[in-house]
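Q: I would like to go through this structure with you. Could you show it first?

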Amino acid sequence: MSEFFDPYNADRPLMLKCSCGRDHTVADHQAEEAAAAQAATTLRERSETAEFEAYSNEFIEATLVKSLFPHEPVRRAFLKAVGKRTAMAAIASVLPMASLQAMAQEKGKLEKTSLKIGFIPITCATPLIMAHPLGFYKKEGLDVEVTKTAGWALVRDKMINKEYDASHFLSPMPLAISLGLGSSAVPMNVATIQNINGQAITLSLKHKDNRDPKNWKGFKFGIPFDYSIHNLLLRYYLAENGLNPDTDVQLRVIPPAEMVANLRAGNIDGFLGPDPFNQRAVFDEVGFIHVLTKDLWNGHPCCAFGTSTEFIQKNPNTFAALYRAVLTSAAMARQPKNRELIAKVIAPQQYLNQPEAVLTQVLTGRFADGLGKIQTVPDRADFDPMPWQSMAVWMLTQMQRWGYIKGDVNYNQIAERVFLITDARKHMKDLGIEFKAGPGYVKHTIMGKEFDPAKPAEYLKSFAISKTA
């Protein structure tokens with residue numbers, strides 16, 4: 001990048017776009033790279049403490065308890081009443097906790113050590129990305145190349161063609177690919193959820209006085225992919241407000257990195273997209289955050305880490321090593337004290353190539369909303385890795401609702417085949433744990449309406465607006 005001096009502001013360089021794609025001086029670029037390297041060193045040092053050496057059992061136990069008892073007062077009361085040891089024993093009788101712990105700890109000879117993993121440059125991929133500069137893959141004996149990818153269709157194609165060994169996915173994508181929706185059918189698996197929450201509906205500033213969705217007929221919205229939680233949540237939100245997403249608005253598939261530019265150009269009125277692009281629209285003064293998706297479904301899954309069933313079958317030890325690396329990353333990303341350092345680590349060009357200030361606002365949950373207010377929402381984005389198959393069942397109901405899936409659906413069979421927590425049946429049998437019900441199913445609340453995964457057909461019929469209504 002070159003620097004020129006403005007004669008009217010002789011003390012301030014006029015900046016041209018750097019080769020990294022951002023507007024700053026060479027000195028600023030070098031300073032950012034140095035800060036990212038220092039942040040990575042600090043996080044690596046933290047990961048090497050005894051606290052992280054023993055993270056896996058406690059982390060998995062805590063995640064299971066939180067999922068079973070999502071309301072904090074109830075969770076605290078339960079633990080206080082029975083004690084942690086009794087609580088864990090009770091949960092272990094119906095959930096594969098021991099199997100999950102063993103999977104997180106056992107090591108075997110790696111079948112393959114050089115791997116290529118794809119990712120889309122969004123904050124949802126934080127655990128997968130930061131495992132690279134922090135050395136978590138290397139610690140497991142893996143030589144991993146994390147490869148920035150232009151869009152979700154390309155991710156899908158590269159996984160189907162075996163150009164990637166594993167990848168960052170939108171969580172509905174492995175379901176869709178396994179079912180042959182939009183592509184040839186190739187069995188895929190979700191190993192972990194990469195992130196929960198962390199998305200938003202962002203609107204153009206010209207609509208700041210038009211916040212009622214009932215008035216949005218004729219709007220054009222960007223979504224990152226048909227088989228995305230973004231598409232499904234936006235459709236749900238619009239329909240709950242009386243709009244048919246197939247006839248009253250236009251939904252356009254736009255790569256996340258191009259959403260802000262399309263908003264600026266007036267090609268769309270808004271988007272339901274991943275961060276950091278919601279915050280980048282505010283940063284660039286072209287949009288405002290209308291609603292966080294956590295306010296639609298708190299704890300909703302977004303992106304996932306997964307691979308093909310064939311890869312897991314051929315490389316079980318390699319897959320277990322990948323699991324350990326990404327799970328370690330998720331454990332670190334969940335801790336608020338690490339979020340500012342993580343923003344520095346993932347900001348550089350080879351990862352997200354975004355201003356650190358934008359990423360810090362997203363990850364810490366203290367952010368400008370584009371309407372003149374500073375919001376504090378600590379769980380705006382979080383990193384809970386458990387792939388509950390009840391999440392998969394909800395996605396399947398919505399894909400069926402909007403015509404992506406035709407005919408009858410065996411929800412549980414599909415969910416249990418794709419989301420790997422469903423391997424619980426085998427693990428529980430191996431461990432001699434009595435099996436009573438399908439593991440991994442919990443109730444969820446979406447826009448005030450309870451979803452019971454045991455009654456998906458009834459849930460699907462309850463909607464006034466759908467493709468078949």
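Q: Is Phe 221 buried or exposed?
A: Phe 221 is buried, because its relative accessible area is 0%. Buried means under 20% relative accessible area, exposed means over 50%, and partly exposed lies in between, with a 1.4 Å probe and protein chains only.

Q: What should I know about the source and the numbering?
A: This is a predicted model, in which local features need pLDDT of at least 70 and side-chain atom pairs count only at pLDDT 80 or more, while totals for chains, interfaces and linings use all residues. Residues are numbered from 1 along each chain as its sequence is written, and side-chain values use heavy atoms, with hydrogens and water left out.

Q: How many aromatic pairs are found in the whole structure?
A: The search finds 11 aromatic pairs. In one of them, the ring centres of Trp 216 and Phe 221 are 5.6 Å apart and the planes are at 50 degrees, so the pair is tilted. Rings of Phe, Tyr and Trp (its six-membered ring) pair if their centres lie within 6.5 Å; planes under 30 degrees apart count as stacked, over 60 as edge-to-face and the rest as tilted.

Q: What is the arrangement of Phe 219 and Phe 221?
A: Their planes are at 45 degrees and their ring centres 5.9 Å apart, so the pair of Phe 219 and Phe 221 is tilted. Phe 219 counts as buried at 6% relative accessibility, and Trp 216 counts as buried at 0%.

Q: Which residues do ring pairs link into a cluster?
A: The cluster consists of Tyr 236, Trp 297, Trp 394, Phe 451, Tyr 459 and Phe 463.

Q: Which residues does Leu 233 touch?
A: Leaving out residues up to four places away in sequence, Leu 233 touches Leu 272, Thr 293, Trp 297, His 300 and Trp 394. Contact means heavy atoms within 4.5 Å. Leu 233 belongs to helix H11 (residues 229-240) and is buried at 1% relative accessibility.

Q: Changing topic, how many helices and strands does the protein chain have?
A: The protein chain has 21 helices and 18 strands. Helices (H or I, at least four residues) and strands (E, at least two) are DSSP runs, numbered from the N terminus. Of the 469 residues in the chain, 58% are buried.

Q: Why is helix H16 described as largely enclosed by the rest of the structure?
A: Six of the eight residues of H16 (residues 339-346) are buried, so the helix is largely enclosed. The buried residues are Arg 339, Leu 341, Ile 342, Ala 343, Val 345 and Ile 346.

Q: And at what angle do H16 and H17 cross?
A: The axes of H16 and helix H17 (residues 356-364) cross at roughly 140 degrees and come within 9 Å. Axes are lines fitted to C-alpha atoms, for helices over the stretch in contact, and angles run from 0 to 180 degrees between N-to-C directions. H16 is therefore oblique to H17; angles under 35 degrees count as roughly parallel, over 145 as roughly antiparallel, 65 to 115 as roughly perpendicular and the rest as oblique.

Q: Which residues make the contact?
A: H16 contributes Arg 339, Glu 340, Ile 342, Ala 343, Lys 344 and Ile 346, and H17 contributes Glu 356, Leu 359, Thr 360, Leu 363 and Thr 364.
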